[in-house]
Amino acid sequence: MDKRKEYETILKTYPKTISKDQMYKICHISKSTCLYLLEKKLVPCIDTGKKTHRFHIRIEDVINYLEDRETDSQKYVKPKSKKIQKPRPLFWDIYALPDIDNDFKDYMKHYYEILLREFPEVLETLQITAITGYAKNSVMKWGDSGKLWRVMIKKKYLTPKNLFIDFLCSDYFVKIKVKSDKHIEMNKKIYEAYVESKQK
């Protein structure tokens with residue numbers, strides 16, 4: 001069947017005014033493409049704004065669209081939506097902090113001093129893993145890279161508590177992308193206590 005006969009058959013088969021559901025079936029297009037054509041007025045229609053039976057489309061306008069599509073198909077191509085990839089949230093994004101300023105760092109240091117006051121003045125590797133929630137391998141990497149100060153005494157790596165606290169407040173530790181559950185929990189508690197202190 002040639003196009004002209006096909007269009008004549010459509011005109012005879014359907015009423016003068018059709019719905020969106022009828023249009024997308026006639027034109028062999030997706031529902032979303034059909035909606036795009038109607039909302040952008042690429043195919044003339046009456047938009048009632050209702051949830052059901054929203055569009056009233058003249059069958060002649062549908063035929064005109066089909067004919068025009070044969071010669072200028074690009075005119076009716078629905079643009080692809082661009083997916084915006086959100087960056088992984090950092091500490092201040094998760095807890096609505098504008099940035100880690102000096103005031104907050106001072107508060108963070110004070111918080112850790114209170115949190116760790118029951119611990120000895122020199123910490124072993126296993127104690128650091130228990131406090132931070134990170135695996136022993138991670139703690140060893142911090143030491144190997146020089147991020148966390150340590151010294152070996154009697155085959156044990158030891159870190160003074162005050163230097164460990166400095167590490168906890170460092171940009172490196174704060175901005176670890178994949179955080180342990182304990183790290184996230186500590187961040188949450190610090191932030192909540194910081195906000196509460198500012199409201200007093």
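Student: In this predicted model, which elements are included in what covers the buried residues of α3?

Tutor: Helix α3 spans residues 31-39, and its buried residues are Thr33, Cys34, Tyr36, Leu37 and Leu38. The cover over these residues includes α2 (20-27), β3 (55-58) and α4.

Student: Which residue with a positive phi follows α3?

Tutor: Helix α3 comprises residues 31-39. After α3 comes a residue whose phi is positive, near 60°, and that residue is Lys41.

Student: Is Asp61 buried or exposed?

Tutor: Asp61 lies in helix α4, residues 59-71, and α4 is among the elements that cover the buried residues of α3. The cut-off for burial is under 20% relative accessible area. Because its relative accessibility is 12%, Asp61 counts as buried.

Student: Which residues does Asp61 touch, not counting residues up to four places away in sequence?

Tutor: Asp61 has its place in helix α4. With residues up to four places away in sequence left out, the residues that Asp61 touches are Val43 and Pro44.

Student: Which residues gather in a patch of negative charge on the surface, and how is Glu196 classed by accessibility?

Tutor: The negatively charged surface patch consists of Asp181, Glu185, Glu192 and Glu196. Of these, Glu196 is placed in helix α11, which runs over residues 181-199. Because its relative accessibility is 46%, Glu196 is classed as partly exposed.

Student: What is the area of the nonpolar surface patch that includes Val151, and how is Val151 classed by accessibility?

Tutor: Val151 sits in strand β5, residues 151-153. Trp149, Val151, Ile153 and Leu163 together make a nonpolar surface patch of about 330 Å². Because Val151 has a relative accessible area of 32%, Val151 is classed as partly exposed.

Student: How many helices and strands does the chain have, and what share of its residues count as buried?

Tutor: The secondary structure of the chain consists of eleven helices and six strands. The chain has 200 residues, and the share that counts as buried is 32%.

Student: What share of the contacts with a separation of 6 or more is accounted for by residues 24 or more positions apart?

Tutor: The contacts considered here are those in the chain with a separation of 6 or more. Among these contacts, the share from residues 24 or more positions apart is 61%.

Student: What percentage of the accessible surface of the chain belongs to carbon and sulfur atoms?

Tutor: The accessible surface of the chain comes to about 13,800 Å². Of this surface, the part belonging to carbon and sulfur atoms is 52%.

Definitions and conventions: Residues are numbered from 1 along each chain as its sequence is written. This is a predicted model: local features need pLDDT of at least 70, side-chain atom pairs count only at pLDDT 80 or more; totals for chains, interfaces and linings use all residues. Side-chain values use heavy atoms; hydrogens and water are left out. Patches are made of residues with over 30% relative accessible area and no salt bridge: like charges are joined within 9 Å, nonpolar side chains (Val, Leu, Ile, Met, Phe, Trp, Tyr) within 5 Å. Accessible areas come from the Shrake-Rupley method with a 1.4 Å probe; for residues, only the protein chains shown count as cover. A salt bridge is a side-chain nitrogen of Lys or Arg within 4 Å of a carboxyl oxygen of Asp or Glu. Lys and Arg count as positive and Asp and Glu as negative; His and the chain ends are not counted. The place of a charge is taken as NZ of Lys, CZ of Arg, CG of Asp or CD of Glu. Helices (H or I, at least four residues) and strands (E, at least two) are DSSP runs, numbered from the N terminus. Buried means under 20% relative accessible area, exposed over 50%, partly exposed in between (1.4 Å probe, protein chains only). Contact means heavy atoms within 4.5 Å.
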